[in-house]
Amino acid sequence: MIYAIGNDHGGIDLYDSVKEKLEDLGHEVIHVGTNSKDSVDYSDFAQKACQKVLDGQADFAILICGTGLGMSISANKIDGIRAACVSEAFSARMSRAHNNANCLCIGARVIGNETAKMIVEEFVKTEFEGGRHQRRVDKITEIEKR
């Protein structure tokens, strides 16, 4: 799988750990985030990473900012993106299993490197369960179309 990672200045310290974990799990990474701690706008990087998913250049996006919230709000404005902002592994698993999330948002000022790695691993290894959950995801898609 290919993961597009977008990060702003607040997420730069967590980027290396997330990238390393993805590569350890055998995945490819496309980095579309900043490499600097100079202030930038998280919404720009959310859009860049999510566009990679929509264009088929990446299978999933992972967005990292200070809290994960700004990235999540931005990503969820993009039709076709289902972004989940999580700070522990169980929610990461459920975001994939029940919500078919295609974008994971995490906060570098909220969680540490080891927690981030656990979250990423759960997100990556979990498949969408479909079934009754598909009906619910379809309803989310209908909301997007309005």
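View 1. Strand S4 (residues 83-85) and S5 run parallel and are joined by 3 bridges; helices (H or I, at least four residues) and strands (E, at least two) are DSSP runs numbered from the N terminus, and two strands pair if DSSP finds at least two bridges between them. Ala 83 has Cys 103 as its bridge partner in S5. Between S4 and S5 the chain passes through helix H4 (residues 89-97), a β-α-β crossover that is right-handed; that is, with the strands pointing away from the viewer, the path from the first strand over the helix to the second runs clockwise. Strand S3 (residues 60-65) is also parallel to S5, with 5 bridges between them. Ile 64 is bridged to Ile 106 of S5.

The model is predicted: local features need pLDDT of at least 70 and side-chain atom pairs count only at pLDDT 80 or more, while totals for chains, interfaces and linings use all residues. Residues are numbered from 1 along each chain as its sequence is written, and side-chain values use heavy atoms, with hydrogens and water left out.

View 2. An unreviewed UniProt entry lists Cys 65 and His 98 under "active site"; UniProt positions are given in the numbering used here, feature names are shortened, and annotations may be inferred rather than shown by experiment. The two span 34 residues in sequence and their C-alpha atoms are 24.3 Å apart, so they do not all gather at one spot. Cys 65 is in strand S3 and is buried, with a relative accessible area of 3%. Leaving out residues up to four places away in sequence, the contacts of Cys 65 (heavy atoms within 4.5 Å) include Asp 8, Tyr 42, Met 71 and Ile 106. His 98 is in the loop between H4 and S5 and is partly exposed, at 25% relative accessibility. With the sequence neighbours up to four places away left out, His 98 touches Phe 128, Glu 129, His 133 and Val 137.

View 3. The unreviewed UniProt entry lists several residues under "binding site", among them Asp 8, His 9, Asn 99 and Arg 109. Asp 8 sits in the loop between strand S1 (2-7) and helix H1 (12-24) and counts as buried, at 4% relative accessibility. A polar atom of the Asp 8 side chain lies 2.9 Å from the backbone nitrogen of Gly 10. Beyond four places in sequence, Asp 8 touches residues including Thr 34, Phe 45, Cys 65 and Gly 66.

View 4. Arg 109 is in the loop between S5 and helix H5 (113-125). Arg 109 is exposed, with a relative accessible area of 65%. Its contacts, not counting residues up to four places away in sequence, are His 9, Gly 10 and Gly 66.

Notes
Buried < 20%, exposed > 50% of the residue type's maximum accessible area, 1.4 Å probe, protein only. Polar contact = N/O pair within 3.5 Å; in protein donor to acceptor, adjacent residues only side chain to side chain.
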